[in-house]
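Here is a short report for a reader new to this structure. It starts with a single residue and its partner, then widens to the whole chain.

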Amino acid sequence: MSIASQSPGTWTADASLQSPRPRVTLGLSIAFGLATLLLTRHAQVPGLSSLTAPFALLILLCTLRVSSVTLAVLPMLLYCCISLVVSVFLGNEVSVGLRFLVITIATLVAFGVRSQPVSPAWALFPVALQAVSIAILSLTLSVMQDPLMGGAVRAYAITSDWGDVYTLDGLYYRVQVIGNALIPLLFAVCLWQPPSRLRRWGLAMAVLGLLAAGNLTYFLMAGLAVFLRFKAYFYTHTRTWLTVFSLLGVVAVANSDVGISSVTRKFDGAGSSMGVRFDQIDAVVRATDTFPAAVLTGAGLGSRFPNGRINDYSDSLYIELQALFVGYQLGLIGAAIYGATLLYCARRTLNRQGRLIFWLYMLSGISNPYILDTNQIIATMLLVHLFPLNPRRSGPMATAAGASALAAPPPSPSPTSGSPAA
């Protein structure tokens, strides 16, 4: 950023506001890079699993500032503490209750970090590596066309608690393993970054990862993100977009049998993808039928998820509908307080692009066990650093956009403007 030559009556920007602090930028970028590395690799490397949440909380505590945003979390904290006490009184484990309390509150407190400049390339590089890795695995299994090899890979992934690797048609292998939760975040962040070579590479790797993951919610999120990002272009180039959508429609019709078959299998039987989710909803409905007051107050923070008709969830800390799990513990009152606090914190800390990306990220995990966990804490903090609402209030120069705002001179007899940032 350059500032025009100064005259005696010209306002001069403070040097601390003109350039970010390199050590802070480098330190935070490396810290987030390590955090995302832990989130994507902790299941594969023995001993790292116990470090994931503590390291995320360490970043949170080191960058936290007391503000109206952090104080807004107090009602939710009070409600969670009362819920935990009642839960322990009812016989639930204290350790499980404390775990859910810390994670739930941390997902809100994460908005209270002091915004600082962070390199998205360094911070999200392990996520890009994850996207490429699962894409290579998916493509390899598709090319090999060896059912025995595919079965062995799937068995290894399941027994190692990495996730699942499967195919419905023998051609397209879906690699749904731990670490995929941040790939939609990588896609959205790259989508809203200024044009550059790194952005193009990041988008390409994110798209490969989304295709390899094969998660329907990811596809819906990605399609909505593209529409929101380029809707202005859509309005000015309607003919081009109509042509693209028409071609996509023709392709969809030509492959309708495959698409219908895939969707049908998702709903086919109690053990199918959607069948398990319906089983979880049914489990909550039956549990609240026996104790109607739990609908409002919840079963207590740390309560185990009730068993379904086909699955035993008693030892599970994560289920496919994780939001339902936490909602079952907190009840409608607690869920309402959490939702209101989340809305308030997002509006007070993130700019418009940041809020869009955050809600898109939440959409990508709403039917998956990828929200209300450490992934969401890291994603929230990273978005506050990359897309702050008010860089002047929360950090010296959190974004390039903030840089231009900080460099803009106040009214004076002979003002000079700083060069606009991309």
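Arg304 is partly exposed, at 27% relative accessibility (buried means under 20% relative accessible area, exposed over 50%, partly exposed in between, with a 1.4 Å probe and protein chains only). This is a predicted model: local features need pLDDT of at least 70, side-chain atom pairs count only at pLDDT 80 or more, and totals for chains, interfaces and linings use all residues. Residues are numbered from 1 along each chain as its sequence is written, and side-chain values use heavy atoms, with hydrogens and water left out.

Which side chain meets Arg304 in a salt bridge? The partner is Glu93, at 3.4 Å, N to O. A salt bridge is a side-chain nitrogen of Lys or Arg within 4 Å of a carboxyl oxygen of Asp or Glu. The structure holds four of them. The pair Glu93 and Arg304 links distant parts of the chain, 211 residues apart. Glu93 sits in the loop between helix 5 and helix 6, and Arg304 in the loop between helix 17 (294-297) and helix 18. Helices (H or I, at least four residues) and strands (E, at least two) are DSSP runs, numbered from the N terminus. Glu93 is partly exposed too, at 43% relative accessibility.

## Further salt bridges

Arg154 and Asp164 join their side chains in a salt bridge of 2.7 Å, N to O. Arg154 lies in helix 9 (residues 147-159), and Asp164 lies in strand 1 (residues 163-167), ten residues apart.

Asp282 belongs to helix 16 (residues 273-290), while Arg309 is in the loop between helix 17 and helix 18, 27 residues away. Salt bridges that share partners join Asp282, Arg286 and Arg309 into one network. Asp282 is partly exposed, with 23% relative accessible area. Arg309 is exposed, with 61%.

## The whole chain

The protein chain has 422 residues, and 44% of them count as buried. It contains 22 helices and two strands. Take the contacts (heavy atoms within 4.5 Å) between residues at least 6 apart in sequence: 73% join residues at least 24 apart.

The chain exposes about 20900 Å², and carbon and sulfur atoms supply 69% of that. Accessible areas come from the Shrake-Rupley method with a 1.4 Å probe; for residues, only the protein chains shown count as cover.

## An enclosed helix and a bent one

Why is helix 10 (residues 183-191) largely enclosed by the rest of the structure? Nine of its nine residues are buried. Among them are Ile183, Phe187 and Leu191. Their cover includes helix 8 (125-144), helix 12 (216-229) and helix 20 (374-386).

Helix 18 (residues 322-349) spans only 25 Å between its end C-alpha atoms. A straight helix of 28 residues would span 40 Å (the expected span is 1.5 Å times one less than the number of residues). Helix 18 has a kink of about 115 degrees, centred on Gly331. The bend at a residue is the angle between axes fitted to the seven residues ending there and the seven starting there. Thr341 is also in helix 18. Thr341 is buried at 7%. Leaving out residues up to four places away in sequence, Thr341 touches Ala72, Val73, Met76 and Leu108.

Ala106 lies in helix 6 (residues 94-109) and is buried at 4% relative accessibility. Beyond its neighbours within four places in sequence, Ala106 contacts Leu57, Leu60 and Ile377.

Tyr370 is in the loop between helix 19 and helix 20. Tyr370 is buried, at 18%. Not counting residues up to four places away, Tyr370 touches Ala181, Tyr218, Tyr361, Gly365 and Asn375.

## A nonpolar surface patch

Leu78, Ile82, Val86, Phe89 and Leu90 form a nonpolar patch on the surface, with about 570 Å² of accessible area together. Patches are made of residues with over 30% relative accessible area and no salt bridge; like charges are joined within 9 Å, nonpolar side chains (Val, Leu, Ile, Met, Phe, Trp, Tyr) within 5 Å. Phe89 belongs to helix 5 (residues 74-89) and is exposed at 75%.
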